[in-house]
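Thanks for coming. I have one structure to go through today, and I will keep to the packing inside it. Please have the sequence and the view open.

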Amino acid sequence: MAAATSQETTPPRPMRADARRNYDRLLTEARSAFAAHGTDASLEDVARRAGVGIGTLYRHFPNRHALLSAVFEDGVSDLLARSRELLGAPDPCTALVTWLREIVTHAGEYRGLAKALMSVSHDHTSALARCSDPMRKAGQSLLTRAQEAGAVREDVAIEDLLQLTHAIALAAEEAPGDPDLADRLLKLTLRGLT
């Protein structure tokens, strides 16, 4: 009889109640700190405000990208759900543009998010890849649909389009006195796609 070739994996153990409370408090405080101070907010301050030590923060989130990924998962889930809704929209190009605008809006919620996402766009080992990989796949579906409709050039790649979108979000973050900048830059970018 041949030995099994696949390794059995055990599912992760559920967190103890106190560990779950610490995890949830850390996420709550990280969201608040990132909203107020950007994604470079002090992790020591996040831990202190959550009522735990920095070691507890690092046990749950081994690095800043792991914490960022956990914080942004809800927003990413919303963007993924929205991409699925937009797949049924009558105008594929408008659907793609709508989704890209929503990414810019989402990235603007936390100063530094666009920069962090840009920094891991080709680093699939980063914890933030948990967010960026599904976003890339969702965007590819919308882009392919727009390309098949002849609304977007065939040589446009989703990776480049997402990088441009993050760059637009970063530019808008750096110019808070110009609330229309992101929309203008997005429109300018999209003119080059057709």
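I start with helix 2, whose buried residues pack against helix 1, helix 3 (54-60) and helix 4. Before going on, note that this is a predicted model.

Which residues of helix 2 are buried? In helix 2, residues 43-50, they are Leu-43, Val-46, Ala-47 and Ala-50. These residues cover an arc of only 95° around the axis, so they sit on the same side of helix 2.

Now the two ends of that helix. At its start, a side-chain oxygen of Ser-42 comes to within 3.3 Å of the backbone nitrogen of Glu-44. Just after helix 2, Gly-51 has a positive phi of about 80°.

Next, the core. The largest nonpolar core has 56 residues. Phe-34, Leu-67, Phe-72, Trp-99 and Leu-100 have the most contacts inside it. Among the elements that give two or more residues to this core are helix 1, helix 2, helix 5 (92-107) and helix 7 (129-148). Which helix gives the most? Helix 4 does, with ten residues.

The structure holds two aromatic pairs. In this one, the ring centres of Phe-34 and Phe-72 are 6.4 Å apart and the planes are at 35°; the pair is therefore tilted, since stacked needs planes under 30 degrees apart and edge-to-face needs over 60. The pair links distant parts of the chain, with Phe-34 in helix 1 (residues 17-37) and Phe-72 in helix 4 (residues 64-86), 38 residues apart.

Leaving aside neighbours within four places in sequence, the contacts of Phe-34 include Ala-41, Leu-67, Val-71 and Phe-72. Thr-39 is also in contact with Phe-34.

That brings me to Thr-39, which is found in the loop between helix 1 and helix 2. Thr-39 has a relative accessible area of 4%, so it counts as buried.

Notes:
Residues numbered from 1 in each chain as written. Predicted model: local features only at pLDDT ≥ 70, side-chain atom pairs only at ≥ 80, totals over all residues. Heavy atoms only, no water. Phe/Tyr/Trp six-rings, centres within 6.5 Å; stacked < 30°, edge-to-face > 60°. Helix = DSSP H or I, 4+ residues; strand = E, 2+ residues; numbered from the N terminus. Buried < 20%, exposed > 50% of the residue type's maximum accessible area, 1.4 Å probe, protein only. Arc of directions from axis to C-beta. Contact = heavy atoms within 4.5 Å. Polar contact = N/O pair within 3.5 Å; in protein donor to acceptor, adjacent residues only side chain to side chain. Core = buried A, V, L, I, M, F, W, Y, C linked by side-chain atoms within 4.5 Å.
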